[in-house]
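Work through the exercises below with the sequence and the model open. Each task is followed by a solution in steps.

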Amino acid sequence: MSTADYTVSEEVAQQASDARARLDEHTVKTVHWHFSEETGSPFWLEKKAELNFNPLTDVKSFDDLKKFPHFEDEWLRGGPVRRWVPKGHANKPTYVFETGGTTGIPKSRVVVEDHWKDYELFSDTLPEKYFPQGSNWLMLGPSGPRRLRLAVEHLAQYRGGICFCIDLDPRWVVKLIKKGWMDHLEEYKKHCIDQAVTVLTAGHDVKCMFATPKLLESLGEALDERGTSLQECGITGIFSGGTEFTPQWTKFCVEELLGGPAEEGGVYMTPTYGNTLMGLACSKPVTAADNYKISYFAPQPRAVTEVVTFDDYDQKVGYGETGRVKLYTLTDEFFVPGFMERDEGEREAPFETYPWDGVSGVRPFHELASATTVGVY
Amino acid sequence: MILLAFLLPVPSVFIADMITLSPLRWGKPYESLDFTDVVHFDTGEPIARVGNVGGGIVGRDMRKAHKAREALLQFSAEDLVERCKRAAVLFESADLSVGDSLQSVDQFVHQQSASTGLPEHMCRSNMAKNSFVLSNIDQILNCLTRGLDLSIFSRGYGEEGRGVIVSYQSQTPVLGAVLPNNSPGVHTLWLPAIPLQVGLALKPGSQEPWTPYRMVSAFIEAGIPAEAFGLYPGGHDAGGAIMTKTPRSMIFGSAQTVAQHEGNPRVQAHGPGFSKVLIGDDVVDDWENYLDLLVESVLSNSGRSCINCSGIWASRHTREIAAAIAEKIGTVDVLPPSDPDAQLAAFTVPAMANGTYAMVQQDLAESGVEDMTADFGEKLVEREHCAYLRPMVVHADSPDRQVASKEYMFPFVSVVECPQDQMLKRIGSTLVGTVLTQDPKLIHAAGSSVDIDRVNIGPIPTNRLNWLQPHEGNLIDFLYRSRAYQVADMPVPAHA
């Protein structure tokens, strides 16, 4: 779909306009929080002195965030990590989550309750039929200092369930790949899957789970080899993410691993897109009729995704056109005024459920793709 | 002078008739949503799009691999041999259904040349080689099995003819293969699996999907059950799944790839050959008699094969030998791929040519190493989408020089000065070793050397293989295990 083909109903256009107004209002409020001496974080208050404008008076809308330099995730390496905690949250229990770190200093993000709030919002998007309240969950993803691990556990608890987890160290996985120890990699994968199979076959009444695509694939295979399946183990709802997600993999997952769409196979799978900086973007329902196209929509106004041109990161591409993904995080815990993600994709139009821009066809940014290790676990 | 004729626009056949190649899952085409373009090596124009699958699909299919063998076991081995012979004719001469198109032989050759950078006449000769092997598959199997009745492989045991039961137990229902990008000649290695009633799970090379697709089409057209074939284009994920999910697989790659699988009985890894010609002291003074043999061994197939000669070892006259070869091949220049005189294949990834050339420069920096082709112009020819390396002959005054153990993907040979009594101790791994001598002592020693895989005694170019002999291990021993199978009559029941 080119920009010229893009049309939305009057109703959606009105919804989009309302959403934009809410975003503008939320932006101004968030900027005030982070740049006020009473509530802001030491990092941003120090940064304020370097800016050639006054965020407290010159940011009047979301578009004004373009006045900030792009957020550099390198700023997140090393301490003191307290410099990221807004004074307004200074006395609250604080988590630190890490990303990367196979070699060298990982990037750290501090969180107070953001991961809970993001996943509570996400919870509202899950269909009750396949993610029944009170169900127990399996978290088949990375453990350690990861936001995902605690967020999924909170999601389970928020929905009245208990979350079972496995031990999985993604940094070791990356090391195995870099060393070329593929036999070890295979054994480690088996070790992780064995833990999951044990949970699923131990009578814990697990109905819902998170899994990365590769681990979900391996789990399905392991269960098949044991003469059973995800369905037979009682799984009805899966949310998947954490690594690259392609329409082809989704087709394979739905049609072969899960035995068809939810109404036929009995298992509902929803892709998600996110990272430690932004949180979690939900996907528009994925269907065979739409060639398993995956379109993500950020939890606006707490986070925003844009698809921008490759040569001007302040310029959005037209609907259906390809560009690099740009993220914004606008919570009272964390402020990211435009971060250039290592992904590219196509800009998606607003629709009823998410009346703001989305992004589809997310894949590694072509200029960085060869240097990126994706989907390692 | 470097000819630029082939920088002209690509013939419209490549663009207008772009083929879509879909994965094949035990004979059934699969509609993938993930496509990769196969592009023309020199223009970057897409000439085909290939649907990819991931490891998950491969894994699921491999759990049904037994059905591929069961489908083949419906036919006798002799019947399959006859069908293979028909497939050989079809492969080499018929219009065949390939992907969503009907493909003529000429189109196959154009397409293969366009994506691999190999001159068209070399594509034709590789095609002929594959067809030849399949046409003579009965003789080849007869030699590889040492004359065993092929039904022994179907049943798992049988009478050898000396009153002794022999048993060959199949070790796998299918042979997996991760095929190379740019070497259309290697496909002969997996072809015998079909008459041995072993199915095929192939990951075609990203730039050379043509031979596996056309060959499978020929097999099916010849009446071999489609259920015996899986074609799984894709990335490392698909290749990795083939390697881990099939009990027997082959892979083509670099020396590192070979090292990675060394000692793994499930994997046959094919890499650089380091093939050589050793000239004995008894004939070295007549070296000029063998010049054509040496040139052919180095230059054929653009020096890309593991059976191309990368080292010529002699105790004397080495500088003269190197100069004479340089005189013959140093002038070889880049020609359009359709030119019947084209001798050079393009590097479809220019960085690979640059990297290779940098390694050669490093070799040449060592004292005692001399570029004998230095007077024949620039070696690295760079284009927008590809690059070439023109032939090089280097002289090494001792086997201690690093270059004595090098092999590169273009016509490159080091002529190494080495006393005869040191040669076999120093040559290292050698896929094809041609030994020019009548000295019984050297012949015996060469025959005993475990470093040489295929030994040629006498004036046989390294690239000329006798297909009736095993290559890098006997495929029979890889796919089947010879074991004991004892049979005794059951006692007659008392009540009978």
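**Exercise 1. Compare the radius of gyration of chain B with that of a compact globule.**

Step 1. The radius of gyration is taken over C-alpha atoms, and the globule rule is 2.2 Å times the number of residues to the power 0.38.
Step 2. For 496 residues, a compact globule would have a radius near 23 Å.
Step 3. Chain B has 24 Å, which agrees.
Step 4. The C-alpha trace of chain B spans about 90 × 60 × 35 Å along its principal axes.

This is a predicted model, in which local features need pLDDT of at least 70 and side-chain atom pairs count only at pLDDT 80 or more, while totals for chains, interfaces and linings use all residues. Residues are numbered from 1 along each chain as its sequence is written, and chains are lettered from A and ligands numbered from 1 in the order in which they are written.

**Exercise 2. Apply the globule rule to chain A.**

Step 1. Chain A has 10 helices and 14 strands; these are DSSP runs numbered from the N terminus, helices being H or I with at least four residues and strands E with at least two.
Step 2. The rule gives 21 Å for 377 residues, and the radius of gyration of chain A is 21 Å, so chain A is as compact as a globular protein of that length.
Step 3. Of the 377 residues of chain A, 43% count as buried, meaning that 20 or more other C-beta atoms, placed from the backbone, lie within 10 Å of the residue's own.

**Exercise 3. Check the span of helix α6 (residues 120-135) of chain B, then locate its buried residues.**

Step 1. The expected span is 1.5 Å times one less than the number of residues.
Step 2. For the 16 residues of α6(B) this comes to 22 Å, and the end C-alpha atoms are 22 Å apart, which agrees.
Step 3. The buried residues of α6(B) include M122(B), C123(B), N126(B), M127(B) and N130(B).
Step 4. An α-helix has 3.6 residues a turn, so residues three or four places apart point the same way.
Step 5. The partners of the buried residues of α6(B) are α4 (77-93), α5 (105-116), α7 (137-144) and α9 (210-221) of chain B.

**Exercise 4. Describe the side of chain B that touches chain A.**

Step 1. Two residues are in contact if their C-beta atoms, placed from the backbone, lie within 7 Å.
Step 2. The contact takes 15 residues from chain A and 12 residues from chain B.
Step 3. On the side of chain B, helix α2 (residues 55-62) gives the most, with 4 residues.
Step 4. This side divides into 2 nonpolar, 7 polar and 3 charged residues; Ala, Val, Leu, Ile, Met, Phe, Trp, Tyr, Cys and Pro count as nonpolar, Asp, Glu, Lys and Arg as charged, and the others, Gly among them, as polar.

Notes
A residue is buried if 20 or more other C-beta atoms lie within 10 Å of its own, exposed if 12 or fewer, and partly exposed in between; C-beta atoms are placed from the backbone.
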